[in-house]
Amino acid sequence: SQTGRTIFEEFTTVVTLKEQMRVTDLVWQDFLQHLQVGQVQERHIAMLWTLVLTNPKCVETDFSSPPWNNASLVTPRHGVHWIWNDVALRKHRQETQSIILECQAEDTIKGQPLTLHERYAALLRQQGADSRQRKQDLLDIVRVTCGMKVMVTQSVEMDLDITNGARGTIVNIWLNPNEPPISTVQPLIQLKYMPVCILVKLDHTQA
């Protein structure tokens with residue numbers, strides 16, 4: 001469009017990046033450079049094997065110390081990251097003795113509970129949806145607790161860096177005023193109502 005061309009013509013300086021500066025490990029950088037042109041050597045394969053945890057020659061790693069104790073899992077498999085999240089939450093519970101709050105999803109239309117016909121239609125949609133559609137669906141049950149690590153999976157506010165991939169920590173949870181008193185002894189509490197607010201402090205933000 002003419003508007004797009006006008007914006008494009010506003011650019012007066014072009015910077016061509018010829019070297020990536022994100023990788024500082026020389027061994028890994030050497031591997032990536034050879035991988036890029038399809039010239040991986042035997043030494044690269046040997047190096048990769050030292051990173052396989054089940055390999056006896058794997059470099060010993062203390063996963064209870066930084067930065068490994070705060071590592072994030074990157075995987076396209078939703079089933080895998082759901083298991084990872086569950087294990088990480090239970091690990092956090094053991095370390096902090098915090099109470100896990102379980103929230104059950106409540107499907108509504110214009111604030112009203114679904115009718116039997118609407119529930120049936122929602123079930124058919126879920127069964128007939130492709131994998132891409134299912135990835136966008138929320139979980140039926142969500143467990144949260146203070147101190148829990150979270151990640152933004154959909155961009156909300158670009159100017160504030162509240163974007164896909166941004167990470168943070170839950171610092172407070174405000175329960176619904178109608179919520180019955182919760183036990184401080186039980187490790188898992190099933191909430192009757194959705195929380196009023198879950199306050200998250202992002203690791204990096206422009207706010």
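Is Arg5 buried or exposed? Arg5 is exposed, at a relative accessible area of 51%, where exposed means over 50%, buried under 20% and partly exposed in between (1.4 Å probe, protein chains only). This is a predicted model, so a few ground rules apply: local features need pLDDT of at least 70, side-chain atom pairs count only at pLDDT 80 or more, and totals for chains, interfaces and linings use all residues. Residues are numbered from 1 along each chain as its sequence is written, and side-chain values use heavy atoms, with hydrogens and water left out. Here's the rundown on salt bridges, aromatic pairs and the core.

**Salt bridges**

- There are five salt bridges in the structure, each being a side-chain nitrogen of Lys or Arg within 4 Å of a carboxyl oxygen of Asp or Glu.
- In general, side chains of opposite charge can pair when their charged atoms come close.
- One of the five joins the side chains of Arg5 and Glu9, at 3.0 Å from N to O. Glu9 is partly exposed, at 48% relative accessibility.
- Another links Arg90 with Asp86, at 3.2 Å from N to O. These two sit four residues apart in helix α4 (residues 78-96), so about one helical turn separates them. Helices (H or I, at least four residues) and strands (E, at least two) are DSSP runs here, numbered from the N terminus.
- Arg143 is partly exposed at 34% relative accessibility, whereas Glu102 is buried at 7%.

**Aromatic pairs**

- The structure has two aromatic pairs.
- The bookkeeping: rings of Phe, Tyr and Trp (its six-membered ring) pair if their centres lie within 6.5 Å, and planes under 30 degrees apart count as stacked, over 60 as edge-to-face and the rest as tilted.
- Trp28 and Phe31 are three residues apart in helix α2 (residues 26-36), which means about one helical turn lies between them.
- Trp28 is partly exposed, with a relative accessible area of 31%, while Phe31 is buried at 7%.
- The rings of Phe63 and Trp68 have centres 5.9 Å apart and planes at 70°, so this pair is edge-to-face.
- Phe63 is partly exposed at 43% relative accessibility, and Trp68 is partly exposed at 47%.

**Nonpolar core**

- The largest nonpolar core has 10 residues, among them Leu89, Cys103, Val144, Met148 and Ile189. A nonpolar core is a set of buried Ala, Val, Leu, Ile, Met, Phe, Trp, Tyr and Cys residues joined through side-chain atoms within 4.5 Å.
- The elements giving two or more residues to this core are β1 (100-104) and β6 (167-174), and β1 gives the most, with three.
- Not counting residues up to four places away in sequence, Val144 touches Ile99, Ile100, Leu101, Ile170, Ile173 and Ile198. Contact means heavy atoms within 4.5 Å.
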